[in-house]
Amino acid sequence: MFGLFHHWLTVRRRRALLAQQPPAFWEEWLPETVTWYAGWPREIQTKLARNMQIFIAEKRWEGCNGLTVNDEMKFLIAAQAALMLTGVEDYCFEEITTILLYPRQFRRKANDGLLEWYEWRSGEAWARGPIVLAWEDLMEGLAEHQNLVVHELAHHIDGLNGSMSGQPWFPDRTTQEQWERVSQAGLRQLRSDIEAGKETFLDPYAATSRAEYFAVASETFFEMPRDLRAIHPDLYRLLTMIYRVDPAEWR
Ligand SMILES: [Zn+2]
């Protein structure tokens with residue numbers, strides 16, 4: 001009962017929200033921020049903007065270590081989040097309530113069960129909890145076809161089925177098994193290429209774990225779709241099934 005009522009409130013709130021025009025600067029900034037935007041049909045452009053409006057309005061934005069989150073920062077982060085949703089209906093990362101933004105890398109306590117140490121991070125994701133991002137790294141990455149927002153949100157999506165293990169949810173068992181095979185083989189190949197000192201197409205960070213392999217592959221899927229399709233066609237095809245878009249066909 002509560003769930004239904006809550007859903008009704010959400011629908012009503014979103015309707016009111018979407019009745020408002022997005023800020024005027026978006027029209028000018030979107031083609032420069034989202035590489036593919038100018039070539040999209042009008043309805044996809046509109047869908048991106050609507051998901052951005054929802055994402056900005058429904059998340060709590062918190063600046064950390066003295067950072068003040070401004071409209072431009074929200075715009076840029078929401079644009080990357082909405083980029084991941086162009087193929088998806090009625091979903092806007094509902095489980096994420098808060099975006100924490102640090103000016104630059106932040107320090108976190110880490111442990112392996114035995115030892116404890118501090119490490120510097122540029123992002124962090126939880127299946128239920130905030131997404132944490134370092135603004136400086138986010139901006140620097142975008143200039144080099146890395147996408148920290150897509151990376152952390154991919155971890156979040158990966159965690160929706162219970163664990164962030166690089167085994168995201170697929171609509172059927174056959175595809176799930178294909179993903180197991182393709183991602184395991186891809187990870188093995190990547191690790192042996194790195195060990196052999198070869199140049200790799202996927203960022204070597206993907207070799208860290210299965211979870212990082214999925215997150216880095218997701219970044220590459222949206223940032224360099226044609227190269228990914230040419231170099232890792234099976235991986236590419238499986239990602240089109242998760243995100244329900246075929247960005248290699250975007251102009
Ligand atoms: Zn990661």
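Predicted model: local features only at pLDDT ≥ 70, side-chain atom pairs only at ≥ 80, totals over all residues.

Me: OK. Where does asparagine 65 lie, then?

Reply: Asparagine 65 is in the loop between β1 and α4.

Me: Buried or exposed?

Reply: Asparagine 65 counts as exposed, because it has 11 C-beta neighbours inside 10 Å. The cut-off for exposed is 12 or fewer.

Me: What about the phi of asparagine 65?

Reply: Its phi is near 50 degrees. That is a positive value in a residue other than glycine. Most residues other than glycine have a negative phi.

Me: And what is the phi of phenylalanine 93?

Reply: Phenylalanine 93 also has a positive phi, near 50 degrees. It sits in the loop between α4 and β2. Phenylalanine 93 counts as buried, because 21 C-beta neighbours lie inside 10 Å. The cut-off for buried is 20 or more.

Me: New topic. How many strands form the sheet, and in what order?

Reply: Four strands, in the order β1-β2-β6-β5. The sheet is open and the pairing is mixed.

Me: Which strands stand at the edges?

Reply: β1 (60-63) and β5 (123-124). Each has a single partner strand, so one side of each has no neighbour in the sheet.

Me: How does β6 pair with β5, parallel or antiparallel?

Reply: Antiparallel, over two bridges. β6 covers residues 131-134. Glycine 123 has leucine 133 as its bridge partner in β6. Glutamate 124 stands opposite valine 132 in β6.

Me: And with β2, parallel or antiparallel?

Reply: β2 (residues 98-102) pairs with β6 in the parallel sense, over four bridges. Tyrosine 102 has alanine 134 as its bridge partner in β6.

Me: Which way do the residues of β6 point?

Reply: Ile131 and Leu133 point one way. Val132 and Ala134 point the other way. All are buried. In a regular strand the side chains alternate between the two faces of the sheet.

Me: Which helix lies across β5 and β6?

Reply: α6, residues 148-159. It runs at about 160 degrees to β6.

Me: Let's do helices. At what angle do α3 and α4 cross?

Reply: Roughly 125 degrees, and their axes come within 8 Å. That angle makes α3 oblique to α4. The crossing is right-handed.

Me: Which residues meet there?

Reply: From α3 (42-58), Leu48, Asn51, Met52, Phe55 and Ile56. From α4 (71-83), Lys74, Ala78, Ala79, Ala81, Ala82 and Leu83. The residues of this contact divide into nine nonpolar, one polar and one charged.

Me: Last one. Where is glutamate 199 found?

Reply: In the loop between α7 (173-195) and α8 (210-223). Glutamate 199 is exposed, with 7 other C-beta atoms within 10 Å.

Me: How far is glutamate 199 from arginine 128?

Reply: Their C-alpha atoms are separated by 36 Å. Along the chain, they are 71 residues apart.

Technical notes:
Residues numbered from 1 in each chain as written. Axes fitted to C-alpha atoms, helices over the stretch in contact; angles between N-to-C directions. Parallel < 35°, antiparallel > 145°, perpendicular 65-115°, else oblique. Left-handed = near helix turned anticlockwise from the far one by under 90°. Contact = placed C-beta atoms within 7 Å. Nonpolar A, V, L, I, M, F, W, Y, C, P; charged D, E, K, R; others polar. Pairing = 2+ DSSP bridges.
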